[in-house]
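Here is a friendly walk through one protein model. Have a look at the structure below, and then let us go from a single side chain out to its wider surroundings.

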Amino acid sequence: MDKIEINKLFKDAPMQLTLRRATFDRLQIRPQVNYRGRTQDEVFFQKQDGANVEFEVVRRMDFEPEGVFEITVVYTVRRTLNDEFVGQDIDYREMLRTLTAGDFNMLCGNVFSAMSLVVSQLTQASNGIPMISPPVYCGIAAKPAENN
């Protein structure tokens, strides 16, 4: 099957976003250590139920070397297929491997903004200073290197 454009695959109907889990672990901060923050996003196919398709979106934030904090925010995104695609055999796992950052933003709507808000609320409650994570798809943590 040819690559299906995300904007044609799903209806413009409102998508359903559900916060499934948010974890915040405050870690030790060692003096005179330079920490580098990392934000990693992953999107997983969960299930298809008739015309409805569910994806799990995970944002992880941590530091290298380990310290400061670790945050994980998990949402479920439920989309409705356009009528012409209902009943077709679509390999969503393979489709996710081929999407661009823009495609992920289109697929998941404003879930990345919602994740950014949750992260800022958790970090503000912890130390009084909210950390703002990107309100867009940041990339897959374990994406394989491109072969040249």
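## A threonine at the end of a helix

The side chain of T123 places a polar atom 2.7 Å from the backbone nitrogen of M131; a polar contact here is a pair of N or O atoms within 3.5 Å, where one must be able to donate a hydrogen and the other to accept it, and residues adjacent in sequence count only if both atoms are side-chain atoms. This is a predicted model, in which local features need pLDDT of at least 70 and side-chain atom pairs count only at pLDDT 80 or more, while totals for chains, interfaces and linings use all residues. Residues are numbered from 1 along each chain as its sequence is written, and side-chain values use heavy atoms, with hydrogens and water left out.

Is T123 buried or exposed? With a relative accessible area of 3%, T123 is buried (under 20% relative accessible area; exposed is over 50% and partly exposed in between, with a 1.4 Å probe and protein chains only). Leaving aside residues up to four places away in sequence, T123 touches F24, F69, I71, G128, I129, P130 and M131, a contact being heavy atoms within 4.5 Å.

T123 sits in helix α4, residues 111–127. Helices (H or I, at least four residues) and strands (E, at least two) are DSSP runs numbered from the N terminus. The end C-alpha atoms of α4 are 25 Å apart, which agrees with the 24 Å that its 17 residues should span at 1.5 Å a residue; the expected span is 1.5 Å times one less than the number of residues. Just after α4, G128 takes a positive phi of about 85°.

Which residues of α4 are buried? They are V111, F112, A114, M115, S116, V118, V119, S120 and T123. An α-helix has 3.6 residues a turn, so residues three or four places apart point the same way. The buried residues of α4 pack against β1 (16–26), β2 (36–49), β3 (52–64), β4 (69–80) and α3 (101–108).

## The nonpolar core

The largest nonpolar core has 35 residues, and L9, V43, F55, Y92, L96 and L107 have the most contacts inside it. Such a core is a set of buried Ala, Val, Leu, Ile, Met, Phe, Trp, Tyr and Cys residues joined through side-chain atoms within 4.5 Å. Two or more residues each come from α1 (6–9), β2, β3, β4, α2 (92–98), α3 and α4, and the largest share, 6 residues, comes from α4.

Y92 touches L9, F45, Q48, V53, F55 and L81, not counting residues up to four places away in sequence.

## Salt bridges between strands

The count comes to 10 salt bridges, each a side-chain nitrogen of Lys or Arg within 4 Å of a carboxyl oxygen of Asp or Glu. One of them joins D62 and R38 at 2.9 Å, N to O. D62 lies in strand β3 and R38 in strand β2, so this pair ties together parts that are 24 residues apart in sequence. D62 counts as buried at 17% relative accessibility, whereas R38 is partly exposed at 34%.

R59 and D41 form another salt bridge, with their closest N and O atoms 2.7 Å apart. R59 is in strand β3 and D41 in strand β2, so parts 18 residues apart in sequence are tied together. Both R59 and D41 are buried. E54 also forms a salt bridge with R78, the closest N and O atoms being 2.7 Å apart; E54 in strand β3 and R78 in strand β4 are 24 residues apart, and both are buried. Salt bridges that share partners join R38, D62 and E64 into one network.
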